[in-house]
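I am keeping short notes on what I looked up in this structure. The entries follow the order in which I checked things.

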Amino acid sequence: MPPSKKNSSALIGMPWNLRDVWNDTLIKPERRIIQPRNYSYASELGKALPDRYLKMYGVKPTNPPNERSLRKFQAGEIWEWVLGIILISAGMLKKKQIKVDTKLPRLAAVHGRLDFVVGKPDDYQVAKDNIKRMQDMLLLLDIETPPFFFRAIDNFVEKYKGQNLADYITELKTVSSFMMEKLQKTKKPMYHHELQNYHYVRGNEYVIPNGKLIYVCKDDCTMDEFNVHDNEENFELYKNDIMSISRAYKNGFDAKNITRLMPPKEDLVLFEDSLFKFAKNWNVEYSDYLTLLYGYESPEKYRNAWQYKITAWNRVFKRCVNGDRITDKNKEVIAEAKKQFPRWDKMVAAAIKAGAFSGQEEEEEA
C-alpha cells in the first residue's frame with residue numbers, strides 16, 4: 001500500500017543512492033588481459049594445469065569471474081589495505097608491492113609481486129608514538145576507527161617490545177568461514193598460496209628466507225597464519241610445478257583443436273586424505289574455462305550436479321568407517337561412488353586406521 005501524503009516528506013535536492021555506484025565500481029576493476037605469453041604468474045602456481053596452459057596461449061575464457069567473484073576480489077584488496085595500515089601504524093612495514101621474477105634453467109620464467117616485507121620496527125618507542133599519530137591524523141579527518149583497530153596494534157607492539165623480530169615476506173589472503181575451518185583442521189595453508197609465497201621467499205632481493213601467509217576470515221574476522229620456509233622440500237615442489245607447466249607449454253598448441261595438446265583435465269570430485277572426506281574440486285568449480293573443459297555453464301550448475309552426491313558419499317563413507325549397519329540404499333551409494341573412486345575400500349581402511357570420526361556423533365541411517 002503506498003504511503004499516504006500525510007506520511008510523505010518533501011525531498012529537497014536531487015535524490016541519490018550509493019548502492020549503484022558502489023556495486024558498479026566493485027564489478028568493474030582493472031583486469032589482466034589474456035594474451036599469449038611464455039611465462040607463468042606467481043598467483044598461478046599450484047593451480048590447474050589446463051587453465052594455465054590455455055591462458056599462456058591466449059585462449060579467451062568461457063567463464064570469466066562473475067560479479068560475485070569480482071566482489072570477492074575487491075573484499076580481499078580491502079583487507080590487504082587494512083593490514084597495510086596496521087603494519088604501517090606498528091612501524092613494521094618495510095616494503096610493499098615489490099616485483100619478484102625468477103627463472104630456473106630451461107624452465108618458464110615466473111613473474112609476481114609480493115604484498116609486504118614485514119619485520120622489527122626500527123624503534124619501538126617511535127612505533128608506539130606512531131600509533132597515536134595515526135589515530136590523531138584520522139580524527140582530524142573526522143574518521144573514527146573501531147576500538148579494536150588501534151588496540152590490536154598497541155597490544156602487538158607491547159608484546160614484542162625490545163625483541164629482535166624476524167623479517168617475513170608476508171601475503172594476506174581472505175577466505176570464507178568454511179575454508180578457515182578447513183585450514184585450522186589440516187594445519188596447512190592452501191597449496192597454491194604456499195607456492196606463491198615461496199616464489200617471493202626464494203626470489204626476493206632482500207635475501208629474506210622466510211615467508212608468512214596470513215589468512216583472514218571474511219565472515220567473522222578470525223585470523224590464522226602459516227610460515228613458509230626456503231628449504232629443499234619447498235624448492236622441489238616449486239620446481240616440479242614450474243616443470244609441469246613448462247613441459248605442457250613446450251608441447252605446443254593446436255589452434256584448430258585447442259584442447260588436443262593441453263595437460264589432462266582435473267578430476268570433478270576430490271577425496272581429501274587429511275580430512276577423510278569427498279569434496280568439490282575448487283579448480284573445476286572456479287575454472288575460467290569451466291564450459292570449455294567440463295561442459296558446465298556456470299559454477300552453480302557444477303555445484304548442483306555434484307553436491308547431493310558428495311553429501312551422500314560422505315555420509316555413507318563415515319558409516320563404513322564407524323562400522324554402522326549398511327543399508328541397501330547405502331550400498332547403492334557405495335556402488336555409485338566406486339565408479340569415481342575404485343579405491344573406496346582401501347580409503348575406508350585408511351580412515352579406520354587413522355581413527356577418523358572418533359568421538360563424533362553417528363549419522364542418521366539413510
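Which residues have the most contacts inside the largest nonpolar core? I note before answering that this is a predicted model.

Entry on the core. I found F278, W313, F317 and W344 to be the residues with the most contacts inside the largest nonpolar core, which has 37 residues. I listed the elements that give two or more residues to this core: α2 (49–56), α8 (232–250), β7, α10 (290–294), α11 (299–322), α12 (328–340) and α13 (344–354). With nine residues, α11 gives the most to this core.

Entry on W344. I left aside its neighbours within four places in sequence and looked up what W344 is in contact with. The residues are F278, W313, V316, F317, C320, I334, A337 and K338.

Entry on another core. I found that it lies apart from the one above and has 28 residues, including L107, L114, L195 and C217.

Entry on the strands. I looked at β7 (residues 269–272) and β8 (residues 277–280), which run antiparallel and are joined by four bridges. In β8, F278 stands opposite F271. The hairpin of these strands has four residues between them, and F276 takes a positive phi near 55 degrees there.

Is W16 buried or exposed? I count W16 as exposed because its relative accessible area is 72%, and the cut-off for exposed is over 50%. W16 lies in the segment before α1 (19–26). Together with L18, V21 and W22, W16 forms a nonpolar patch on the surface, and the four have about 550 Å² of accessible area together.

Methods:
Residues numbered from 1 in each chain as written. Predicted model: local features only at pLDDT ≥ 70, side-chain atom pairs only at ≥ 80, totals over all residues. Heavy atoms only, no water. Patch = residues over 30% accessible without salt bridge, like charges linked within 9 Å, V, L, I, M, F, W, Y side chains within 5 Å. Areas by Shrake-Rupley, 256 points an atom, 1.4 Å probe, with all protein chains shown as cover. Salt bridge = Lys/Arg side-chain N within 4 Å of Asp/Glu carboxyl O. Buried < 20%, exposed > 50% of the residue type's maximum accessible area, 1.4 Å probe, protein only. Pairing = 2+ DSSP bridges. Core = buried A, V, L, I, M, F, W, Y, C linked by side-chain atoms within 4.5 Å. Contact = heavy atoms within 4.5 Å.
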